[in-house]
Amino acid sequence: MNEYVRLEREQLGPMGRGGRNTLIAFAVAVALWVTPGVIALFTGGEGSSTRT
């Protein structure tokens, strides 16, 4: 299995500009999604977006 993955990655080659941009956009989206919960952990309260 590891050999198969290694061969496939070699065939793909280096990550291009589009792949890097997608990775950055995904990382920013995850960070913005997780940030309110992390802030709530440190402040001891709930964020305004989690109150019902």
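Here are some questions and answers about the predicted model shown above.

Reader: Happy to start simply: which residues and atoms count here?
Author: Residues are numbered from 1 along each chain as its sequence is written, and side-chain values use heavy atoms, with hydrogens and water left out. In this predicted model local features need pLDDT of at least 70 and side-chain atom pairs count only at pLDDT 80 or more, while totals for chains, interfaces and linings use all residues.

Reader: How many helices and strands does the protein have?
Author: Helices (H or I, at least four residues) and strands (E, at least two) are taken as DSSP runs, numbered from the N terminus. On that basis the protein has 2 helices and 0 strands.

Reader: What share of the 52 residues counts as buried?
Author: Buried means under 20% relative accessible area, exposed over 50%, and partly exposed in between (1.4 Å probe, protein chains only). Helix α1 is hardly covered, with 0 buried residues among its 11. For the 52 residues of the protein, the buried share is 2%.

Reader: Which residues are joined with R6 into one salt-bridge network?
Author: A salt bridge here is a side-chain nitrogen of Lys or Arg within 4 Å of a carboxyl oxygen of Asp or Glu. R6 pairs with E3, their closest N and O atoms being 2.5 Å apart, and R6 also meets E10 at 2.5 Å, N to O. Because these salt bridges share partners, the network joins R6 with E3 and E10.

Reader: Why can R6 reach E10 along helix α1?
Author: An α-helix has 3.6 residues a turn, so residues three or four places apart point the same way. R6 and E10 are 4 residues apart in α1, so their separation is about one helical turn.

Reader: Where does α2 bend?
Author: Helix α2 has 27 residues and reaches 38 Å from its first C-alpha to its last, close to the 39 Å expected; the expected span is 1.5 Å times one less than the number of residues. A bend is the angle between axes fitted to the seven residues ending at a residue and the seven starting there. In α2 this angle is about 35°, with the proline P36 following within four residues, and the bend is at T35.

Reader: What accessible area does the nonpolar patch with F42 have?
Author: Patches are made of residues with over 30% relative accessible area and no salt bridge, like charges being joined within 9 Å and nonpolar side chains (Val, Leu, Ile, Met, Phe, Trp, Tyr) within 5 Å. Areas come from the Shrake-Rupley method with a 1.4 Å probe, and for residues only the protein chains shown count as cover. F42 is exposed, at 72% relative accessibility. Together W33, V34, V38, L41 and F42 have an accessible area of about 640 Å².
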